[in-house]
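Please keep the sequence and the model in view while reading.

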Amino acid sequence: MTILVENETEKELGFDYEKIIEDVVKQTLETEHCPYEVEINILITNNEEIHKTNKEFRGIDRPTDVLSFPMADYISPADFTLVEESPESYFNPETDELLLGDIMISVDKVLEQAKEYGHSNKREFAFLVAHSMLHLLGYDHIDEEERLVMEAKQEAILQALSITRNEG
């Protein structure tokens, strides 16, 4: 597994964010029964930069907490049939890892939302990584049914890692 993390901010989160990323990525892949080693890029940024990207790629003129850019195509979430049919399109030829996609997280939003929701920065950050990982695996929350499925999966991933809303 290759997780390339770039942090372009100087804000302190108060925990080992690289370990949280690794733990959440591994747990998500295990939960979703991903049969491959994967490659993921994660950019930790600020509201200004994520705002620019959100406007450019989604046409939404405001900052957001996390953006996901999946590289794989799915018939249904975590169904790897299409990647298996075209490995040359989805796998890094040098490592044979599935190119899962890119994640962009705003540290500013992590800090704001942790305070707003009354839980730790670590919990908020882990939640955003889990949320984004599920997007990279083909999940979405456009309608109510999809939203409920994603919420349950996110909670299960965090519970498996003992990252709860109540932790300090």
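Is Lys 109 buried or exposed? Lys 109 is buried, its relative accessible area being 17%; buried means under 20% relative accessible area, exposed over 50%, and partly exposed in between, computed with a 1.4 Å probe on protein chains only. The model is a predicted one, in which local features need pLDDT of at least 70 and side-chain atom pairs count only at pLDDT 80 or more, while totals for chains, interfaces and linings use all residues. Residues are numbered from 1 along each chain as its sequence is written, and side-chain values use heavy atoms, with hydrogens and water left out.

Lys 109 has a charged partner: its side chain meets that of Glu 112 in a salt bridge, at 3.6 Å from N to O. A salt bridge is here a side-chain nitrogen of Lys or Arg within 4 Å of a carboxyl oxygen of Asp or Glu. By this rule the count comes to 10 salt bridges. Glu 112 and Lys 109 both belong to helix α5 (residues 107-117), where they stand 3 residues apart, about one turn of the helix. Helices are DSSP runs of H or I with at least four residues, strands are runs of E with at least two, and both are numbered from the N terminus. In contrast to the buried Lys 109, Glu 112 is partly exposed at 39% relative accessibility.

An α-helix has 3.6 residues a turn, so residues three or four places apart point the same way. Helix α1 (residues 17-31) holds Lys 19 and Asp 23, which are 4 residues apart, about one turn. Their side chains form a salt bridge of 2.8 Å, N to O. Lys 19 is partly exposed, with a relative accessible area of 46%, and Asp 23 is partly exposed at 23%.

Helix α7 (residues 144-160) contains Arg 147 and Glu 151, again 4 residues apart and separated by about one helical turn. The salt bridge between these side chains is 2.5 Å, N to O. Both partners are partly exposed, Glu 151 at 38% and Arg 147 at 27%. Elsewhere, Glu 48, Glu 49 and Lys 52 are linked in a network of salt bridges.

Helix α6 (residues 121-136) is mostly covered, with 13 of its 16 residues buried. From first C-alpha to last, α6 reaches 23 Å, close to the 22 Å expected at 1.5 Å a residue; the expected span is 1.5 Å times one less than the number of residues. Just after α6, Gly 138 adopts a positive phi of about 100°.
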